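Please keep the sequence and the model open beside the text.

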Amino acid sequence: MRPGALTERVAFDAPSGGTDAFGGTTEAWAEHHVCAAQWTHGKGDESVQAAREAGRQAYKVRVRSSTATRAVTTDYRLRDTRRGTTWNIVDVDAITDRAWVHLVVEGPVT
């Protein structure tokens with residue numbers, strides 16, 4: 001990878017909801033990790049095509065592999081800290097490449 005490719009900042013939020021007074025669940029998020037990232041436009045694999053057909057945007061995001069980024073699952077969400085948008089994490093690949101964690105995200109979520 002060329003130097004300077006990680007030009008974006010993202011934060012990973014972990015679900016931290018609980019139960020309310022009526023026995024239902026409340027949705028809350030706690031920031032888990034912030035790091036540099038590289039966004040790439042999804043070209044045409046199956047999940048990206050399916051998202052486009054359903055009217056959703058899909059991108060691939062690459063972050064450096066670390067203990068924190070390898071702990072990310074599809075239960076987490078990704079926030080673009082520069083633009084303030086939130087994305088659902090659809091796929092996490094922390095196995096293929098030892099140096100990088102590759103994510104597929106859809107959104108933005110409101």
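Strands S4 and S5 pair in the antiparallel sense over four bridges, where two strands pair if DSSP finds at least two bridges between them, and where strands (E, at least two residues) are DSSP runs numbered from the N terminus. This is a predicted model, in which local features need pLDDT of at least 70 and side-chain atom pairs count only at pLDDT 80 or more, whereas totals for chains, interfaces and linings use all residues. Residues are numbered from 1 along each chain as its sequence is written, and side-chain values use heavy atoms, with hydrogens and water left out.

- S4 and S5 form a hairpin with four residues between them, and Gly84 in the turn has a positive phi of about 75°.
- Strand S4 (residues 77-80) has a covered face made of Leu78 and Asp80, while Arg77 and Arg79 make up the uncovered face.

**The barrel**

- Six strands close into a barrel in the order S1-S2-S3-S6-S5-S4, with antiparallel pairing; neighbouring strands of this sheet are turned by 45° against each other on average, direction ignored, the axes being lines fitted to C-alpha atoms.
- S2 and S3 run antiparallel and are joined by five bridges, and Thr40 stands opposite Lys60 in S3.
- Strand S6 contains Pro108, which is joined to Gly107 by a cis peptide bond with omega of about -5°.

**The nonpolar core**

- The largest nonpolar core has 16 residues, of which Phe12, Leu78 and Leu103 touch the most other members; such a core is a set of buried Ala, Val, Leu, Ile, Met, Phe, Trp, Tyr and Cys residues joined through side-chain atoms within 4.5 Å.
- The elements giving two or more residues to this core are strands S1 (8-15), S2 (29-41), S3 (57-64), S5 (85-93) and S6 (100-109).
- Not counting residues up to four places away in sequence, Leu78 touches residues that include Val10, Phe12, Trp39, Val61, Ile89, Leu103 and Val105, a contact being heavy atoms within 4.5 Å.
- Val61, found in strand S3, counts as buried because its relative accessibility is 2%, the cut-offs being under 20% relative accessible area for buried, over 50% for exposed and in between for partly exposed (1.4 Å probe, protein chains only).
- Beyond its neighbours within four places in sequence, Val61 is in contact with residues including Ala37, Trp39, Leu78, Val101 and Leu103.

**Aromatic rings**

- The structure holds three aromatic pairs, one of which joins Trp39 and Tyr59 edge-to-face at 5.8 Å centre to centre, with 75° between the planes; rings of Phe, Tyr and Trp (its six-membered ring) pair if their centres lie within 6.5 Å, and planes under 30 degrees apart count as stacked, over 60 as edge-to-face and the rest as tilted.
- This pair links distant parts of the chain, with Trp39 in strand S2 and Tyr59 in strand S3, 20 residues apart.
- Trp39, Tyr59 and Trp87 form one aromatic cluster, and Tyr59 is partly exposed, with a relative accessible area of 24%.
- Arg62 lies over the face of Trp100, at 5.0 Å from the ring centre, where the criterion is NZ of Lys or CZ of Arg within 6 Å of the ring centre and within 35 degrees of the ring normal.

How values were computed
Axes are lines fitted to C-alpha atoms, for helices over the stretch in contact, and angles run from 0 to 180 degrees between N-to-C directions.
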